[in-house]
Amino acid sequence: MSETDHVARNRASRERLTSVIARLGERTVVLPDGWTAAALLTHLAFWDRFSTARLEKHLRDGAPMELPSETVTDLVNEAGLAQWTATPLSVAAALVTDAAAAMDRVIERGLG
């Protein structure tokens with residue numbers, strides 16, 4: 001896959017995300033296990049920021065990227081759920097779109 005393919009696919013993913021957010025409007029969407037649509041978006045924003053930080057460190061230092069264990073990932077998700085659920089949808093939407101764009105910029109720099 002070429003550099004332009006990655007950039008185009010990432011842009012298309014961000015556009016789909018923006019479309020989903022627009023369809024949500026200001027509704028509160030409750031999901032299973034105590035999650036909401038806003039919590040899910042905030043969760044995605046957190047993990048995109050986490051991944052962006054890991055990739056930036058890798059590009060800067062050249063060291064292999066560390067991955068958290070499944071247990072640590074589960075604990076982070078459990079610990080974050082209350083905060084993510086309390087996040088208003090409009091804030092969650094801004095966080096997730098900003099985080100996705102930041103990750104895409106780092107990927108584009110890394111490909112260049």
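Reader: What percentage of the 112 residues of the chain count as buried?

Author: This is a predicted model, in which local features need pLDDT of at least 70, side-chain atom pairs count only at pLDDT 80 or more, and totals for chains, interfaces and linings use all residues. Residues are numbered from 1 along each chain as its sequence is written, and side-chain values use heavy atoms, with hydrogens and water left out. Buried means under 20% relative accessible area, exposed over 50%, and partly exposed in between, with a 1.4 Å probe and protein chains only. Of the 112 residues, the share that counts as buried is 29%.

Reader: Which pattern does the chain follow along the sequence?

Author: Helices (H or I, at least four residues) and strands (E, at least two) are DSSP runs, numbered from the N terminus. The secondary structure comes to 4 helices and 0 strands. Read along the sequence, the pattern is α-α-α-α.

Reader: Are α2 and α4 roughly parallel or roughly antiparallel?

Author: Helix α2 (residues 37–61) and helix α4 (residues 89–111) pack at about 25°, with axes 8 Å apart. Axes are lines fitted to C-alpha atoms, for helices over the stretch in contact, and angles run from 0 to 180 degrees between N-to-C directions. Angles under 35 degrees count as roughly parallel, over 145 as roughly antiparallel, 65 to 115 as roughly perpendicular and the rest as oblique. The angle of about 25° therefore makes α2 and α4 roughly parallel.

Reader: How do the residues of the contact of α2 with α4 divide?

Author: Ala, Val, Leu, Ile, Met, Phe, Trp, Tyr, Cys and Pro count as nonpolar, Asp, Glu, Lys and Arg as charged, and the others, Gly among them, as polar. By this scheme, the contact of α2 with α4 divides into 17 nonpolar, 4 polar and 5 charged residues.

Reader: Why does Thr36 count as buried, and which residues does Thr36 touch?

Author: Thr36 lies in the loop between α1 (3–24) and α2. Thr36 counts as buried because its relative accessibility is 12%. With contact meaning heavy atoms within 4.5 Å, and not counting residues up to four places away in sequence, Thr36 touches Val29, Val30, Leu31 and Thr85.

Reader: Does Asp33 count as buried or exposed?

Author: Asp33 is also placed in the loop between α1 and α2. Its phi is near 60°, a positive value in a residue other than glycine; most residues other than glycine have a negative phi. Because its relative accessibility is 71%, Asp33 counts as exposed.
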